[in-house]
Amino acid sequence: MEEQEEAGVMDERIYVALGRETAKNKSNLAWVLDNCEGNKICIVLVHRPAQMIPVLGTKFDAATVDEELVRAYREKQKAKTDKILDEYLRICLRKGVQAEKLCVEMNSIEKGIVQMISKNKVRKFIMGAASDKHYSTKMEELRSKKAIFVCQHASATCHIRFICKGYLIHTREARMDEVRALSALLSDFQRLVSSQSSTISDQDSRGSKRKSEEEEEGEEEERTSRTSSSRSASTLSYFGGSEASSSVSVMEEKSNRSSPPSLPCSGMGLGMITFLINSTKLWQRLAIQNHKHCE
């Protein structure tokens, strides 16, 4: 039942990231089409908006060029990206596969991919491990900085395969156990926060009532004290007891001193402290596993 719920939330398509040069990406796309029969496929291409705009044969930084010229040039470049995606879709059709296209606009290709995986809740993803020129029969690790970044930073729920020149090089398995553990911790955290908020609210209510009662008692005691002090002062003055009067004043000053403040964590329950420790350990384990998987 739990797996069915997860399947309903996450996208079951296979997302495939390809580059702008169709000739250099055909071998990887062919591998996908041969090994993913029966699956829906979505071709992903990260479009980076041009930062240098050509004007009269010279390129200028986009920040220094008229906005209309920048917009017009970037629209042309975006149209070229759409044509590249359409060419990939035609290759899929020739193989009898219905595919979709997705253009992700971001300056960083690897960050665009990571964001796309998170936004679309992608469970299955395929991308290049390196350019074809780096391929060898002994290749077993990622060579591309983009691939390494995606391997390390993409959602733990996503199963990622890295290919090069039509060969599978590396697989990063989805780690659902850790994700479920983290979800359980977050549920505990919400429960603890809710419980603690209720407790604090009750304490504040009782504290306000107690404070009101104490203030009334304090005012009564203060009136009684002032009356007694005035009588004592009169008696001491009559007997010439100036030293005794100053002693009384010192004693009153000490009694009025406030108690030392409580420690910042004194209100934190054992359950909250346990949650913080467990969540820190889990995040450390996830980070270490990500690093090991992508070495």
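In this talk, two residues are in contact when heavy atoms of theirs lie within 4.5 Å. The structure before you is a predicted model, in which local features need pLDDT of at least 70, side-chain atom pairs count only at pLDDT 80 or more, and totals for chains, interfaces and linings use all residues. Residues are numbered from 1 along each chain as its sequence is written, and side-chain values use heavy atoms, with hydrogens and water left out.

Let me begin with confidence. The score pLDDT is the predictor's confidence in each residue, from 0 to 100. Its mean over the chain is 77, and 59% of the residues reach 70 or more. Helices (H or I, at least four residues) and strands (E, at least two) are DSSP runs, numbered from the N terminus. Confidence is lowest in helix α1, residues 2-9, at a mean of 45, and highest in β2, at 97. Over residues 1-9 the pLDDT is below 50. The score also stays under 50 over residues 235-245, for which the model has three contacts beyond four places in sequence.

I turn now to helix α3. This helix covers residues 67-94, and its 28 residues reach 41 Å from the first C-alpha to the last. That is close to the expected 40 Å, which is 1.5 Å times one less than the number of residues. At its start, a side-chain oxygen of Asp66 reaches to within 3.1 Å of the backbone nitrogen of Glu68. After the helix comes Gly96, with a positive phi near 80 degrees.

Leaving aside neighbours within four places in sequence, Thr81 is in contact with Arg20, Leu45, His47 and Cys103. With His47, the contact is also polar, side chain to side chain, at 2.8 Å; a polar contact is a pair of N or O atoms within 3.5 Å, where, within protein, one must be able to donate a hydrogen and the other to accept it, and residues adjacent in sequence count only if both atoms are side-chain atoms.

Finally, I come to Met127. Not counting residues up to four places away in sequence, Met127 touches Ala17, Ile113, Lys146, Ala147, Val150, Arg161, Phe162 and Ile163.
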